[in-house]
Amino acid sequence: MAHTASPAQLPLGVRCALGLYGLAWRATLPALKRNKRLAEGWAARMLSAGPLPQAEVWIQAASGGEAYLAWEMLRHLPGLLTDHPAAPRVLVTTFTSQGMSVLEQARAELAGSVDLLPAYFPFDLPGVMRRALASVQPKAVALLETEIWPGLLAACRQAGVPTLLLNGRMTQKSVSGYSHLPWLWRSLAPSRVLAVSDEDAARFAKVFSMQDVGRMQNIKFDRLRFDTDLPRPDYANLLPAGSPFVVLGSVRKEEEAEVLNMVRGLRSEHPAAVIGLFPRHMQRVCIWERLLREAGIPFALRSETTAAVSPGTVLIWDVFGELGGAFSLATAAFLGGSLAPLGGQNFLEPLAHGLTPVTGPFWSNFAWVGEKIFETGLVLKAQDWQGALRGLSALLTTQPDKAEIRKKAAAYAHSRRGGALRACQAVAECINCA
């Protein structure tokens with residue numbers, strides 16, 4: 001079913017609201033310019049570096065994770081287009097340098113089949129977005145996951161460009177926030193929404209007053225690879241031979257006291273184990289140094305370590321981007337953001353390395369994975385830090401077969417794939433019907 005759009009004049013109330021929205025943006029720009037993350041690419045975000053390139057599709061991917069989803073989608077696009085001999089031009093925008101890095105990799109891989117054009121996402125000032133859309137002249141705009149931007153949605157509505165919200169996710173908290181201006185979101189509703197669960201679909205339907213919100217599998221299932229031997233990372237030499245390695249990944253500030261208790265328990269029950277502690281935010285590294293020093297627990301910083309540490313050492317990982325590789329060396333792993341109501345962190349990546357991950361009770365960010373994953377035993381869900389400690393200790397004792405875990409995880413993911421193709425079909429329908 002193709003979804004098209006016609007140019008539309010926005011109601012006066014909506015235009016007034018967008019005017020106030022633009023003034024709010026203008027007021028915050030000086031503060032935003034002092035933000036190191038946003039200062040990079042500032043001229044591009046304001047369009048002062050020149051117009052965005054023309055493209056048939058514009059995809060907005062917030063950061064690195066969403067950029068990977070766009071990459072997965074675009075593998076399918078050329079085969080879905082009719083009467084289109086050349087590689088389609090696709091603008092993919094992102095907020096972050098990590099997102100740009102992923103998109104540059106995708107650009108190299110897809111060269112010849114898709115002309116991927118990475119760029120920083122412009123600030124969502126209504127006037128800036130109207131100029132951006134006029135430059136790109138897309139046949140469709142696709143927003144991934146939670147990227148709901150009033151300025152861009154308004155510009156698309158006024159220009160008659162169909163907007164697709166794909167791999168859509170929305171929390172109940174977000175629904176409450178959007179409910180303050182229901183008339184605005186009704187007027188700016190996307191042409192089509194494909195959500196990753198029935199619950200998400202119902203939330204989008206409520207916010208946008210849409211009757212037809214579709215379902216799709218989460219593209220993240222398409223990205224999971226369980227059948228490939230992953231390379232052993234260079235830093236394997238930091239671990240002493242014969243010592244089990246436990247990863248405590250993406251630990252958040254709000255759960256540091258509980259995780260410190262887990263560290264104590266692990267050292268008591270498995271004194272030879274090396275513990276890799278990965279704070280979610282690097283500014284917490286100095287806090288962990290203090291906590292471990294006060295607790296009398298020996299530790300070392302990953303950045304200052306060049307040889308194998310002693311058994312029983314806590315290795316504070318103060319180097320970005322090495323968590324995935326650490327899973328390949330681990331005997332057991334815990335994923336943080338889950339002992340406090342923070343939504344949890346990605347507990348699927350350890351499965352690709354043959355690990356049974358342990359998570360706390362809070363995992364709403366990954367509800368799309370499905371409760372059945374706990375029933376299979378592929379992931380252990382603990383109700384508190386004591387339960388998480390018991391789970392890790394049991395895994396260190398039994399050391400399950402990694403190949404068998406990967407086999408079961410591959411079967412679980414395989415039955416849930418197809419989201420990337422479904423999303424790309426929706427995009428292709430807009431291009432083919434334009």
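1. Let's start with F374: this residue is buried, with a relative accessible area of 14%. (Buried means under 20% relative accessible area, exposed over 50% and partly exposed in between, using a 1.4 Å probe and protein chains only.)

2. Before going on, keep in mind that this is a predicted model, where local features need pLDDT of at least 70, side-chain atom pairs count only at pLDDT 80 or more, and totals for chains, interfaces and linings use all residues. Residues are numbered from 1 along each chain as its sequence is written, and side-chain values use heavy atoms, with hydrogens and water left out.

3. Searching the whole structure turns up 17 aromatic pairs. Rings of Phe, Tyr and Trp (its six-membered ring) pair if their centres lie within 6.5 Å; planes under 30 degrees apart are stacked, over 60 edge-to-face, and the rest tilted. F347 and F374 make a tilted pair, 6.0 Å centre to centre with 55 degrees between the planes. This pair links distant parts of the chain, 27 residues apart: F347 is in the loop between β12 (332-335) and α15 (349-352), F374 in helix α16 (residues 372-375). (Helices, H or I with at least four residues, and strands, E with at least two, are DSSP runs numbered from the N terminus.) Both F347 and F374 are buried.

4. F374 also pairs with W363, this time edge-to-face: 4.7 Å centre to centre, 85 degrees between the planes. W363 counts as buried because its relative accessibility is 11%.

5. And what sits over the ring of F374? That's the charged end of K381, 4.8 Å from the ring centre. (The rule: NZ of Lys or CZ of Arg within 6 Å of the ring centre and within 35 degrees of the ring normal.)
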